[in-house]
Amino acid sequence: MKNSLQNDLGKMLLRILPSMFLLTHGIPKLQRLLNGDFGFADPIGIGELPSLFLAMIAEVVCPILIIVGYKTRWASIPVLIVMAVAGFIVHHSDPFKGKEMAFLYLVCFLVVALIGPGKFSLDRK
C-alpha cells in the first residue's frame with residue numbers, strides 16, 4: 001500500500017513539476033501570438049506562424065492537460081515532438097549545454113508518456 005502511494009506521488013510530481021517549468025517557456029510564446037508578433041524559427045519548413053502556434057500548443061495547452069492529468073499520454077506527444085525538434089534540429093550545432101534543457105524535457109515527458117499519470121489525475125490510471 002505504501003509503495004503504491006509513493007509511486008503515485010512520484011508520478012504526480014514528475015507530471016506536474018516539469019509541466020510547470022515548461023509553461024515558463026510557453027507563456028511568452030502565447031503572449032507573442034496574442035500581441036501579433038509572429039516572428040519565430042521555422043525549423044521544419046512549415047512557416048513561422050505554424051511553428052510558433054504548434055510550439056505554443058505543446059508548451060502551454062499540453063502542459064496544462066498534463067498537470068491536471070487529462071489525456072496525459074496523448075498530451076505528452078506534442079511536447080516530445082517539440083523537444084526533439086528543439087534538441088536535434090534547432091540546437092543541433094550548439095554545445096551540449098545549449099540543448100541540455102530540451103533533452104531534459106524530452107526525457108521527463110517520455111517517462112510521463114510511458115508510465116502514465118498515476119492515481120492523482122483526472123485519468124486515474
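Is glycine 10 buried, partly exposed or exposed? Glycine 10 is partly exposed, because its relative accessible area is 37%, where buried means under 20%, exposed over 50% and partly exposed in between, computed with a 1.4 Å probe on protein chains only. The model is predicted, so local features need pLDDT of at least 70 and side-chain atom pairs count only at pLDDT 80 or more, while totals for chains, interfaces and linings use all residues. Residues are numbered from 1 along each chain as its sequence is written, and side-chain values use heavy atoms, with hydrogens and water left out.

Glycine 10 belongs to helix H1; helices here are DSSP runs of H or I with at least four residues, numbered from the N terminus. H1 itself has 34 residues and reaches 49 Å from its first C-alpha to its last, close to the 50 Å expected at 1.5 Å a residue, the expected span being 1.5 Å times one less than the number of residues. Along the way there is a kink of about 35° at threonine 24, shortly before proline 28; the bend at a residue is the angle between axes fitted to the seven residues ending there and the seven starting there. Buried residues of H1 include Asp8, Arg15, Leu22, Leu23, Gly26 and Leu33. Their cover includes H2, H3 and H4, and glycine 36, which follows H1, has a positive phi near 80°.

Next comes helix H2. Its 21 residues should span 30 Å at 1.5 Å a residue, and its end C-alpha atoms are 30 Å apart, which agrees. H2 has a kink of about 30°, centred on isoleucine 57. Among its buried residues are Ser51, Leu52, Met56, Val60 and Pro63, and what covers the buried residues of H2 includes helix H1 (2-35), H3 and helix H4 (96-115).

Serine 51 lies in H2 and counts as buried because its relative accessibility is 7%. Leaving aside residues up to four places away in sequence, serine 51 touches Phe40, Ala41, Asp42, Pro43 and Ile46, a contact being heavy atoms within 4.5 Å. Valine 60 also has its place in H2, and at 7% relative accessibility it counts as buried. With residues up to four places away in sequence again set aside, valine 60 touches Leu23, Gly26, Ile27 and Leu30. The C-alpha atoms of valine 60 and isoleucine 27 are separated by 6.4 Å, although these residues are 33 residues apart along the chain.

Helix H2 (residues 48-68) and helix H3 (residues 72-90) pack at an angle of about 145°, with their axes 9 Å apart; axes are lines fitted to C-alpha atoms, for helices over the stretch in contact, and angles run from 0 to 180 degrees between N-to-C directions. On the H2 side, the residues that meet H3 include Leu54, Ala58, Cys62 and Leu65, and on the H3 side those that take part include Ala75, Pro78, Val79 and Val82. The residues of this contact divide into 11 nonpolar, 2 polar and 1 charged, where Ala, Val, Leu, Ile, Met, Phe, Trp, Tyr, Cys and Pro count as nonpolar, Asp, Glu, Lys and Arg as charged, and the others, Gly among them, as polar. Just after H2, glycine 69 takes a positive phi of about 80°. Lysine 71 sits in the loop between H2 and H3 and has a phi near 50°, a positive value in a residue other than glycine. At 44% relative accessibility, lysine 71 counts as partly exposed.

Helix H4 has 20 residues and reaches 27 Å from its first C-alpha to its last, close to the 28 Å expected at 1.5 Å a residue. H4 bends by about 25° at alanine 102, and alanine 102 is one of its buried residues, as are Phe103, Tyr105, Leu106 and Phe109. The buried residues of H4 pack against H1, H2 and H3. Glycine 116 follows H4, with a positive phi near 85°. Proline 117 lies in the segment after H4 and counts as buried because its relative accessibility is 4%. The C-alpha atoms of proline 117 and lysine 11 are separated by 6.1 Å, with the two residues 106 residues apart along the chain.

Notes
Helices (H or I, at least four residues) and strands (E, at least two) are DSSP runs, numbered from the N terminus.
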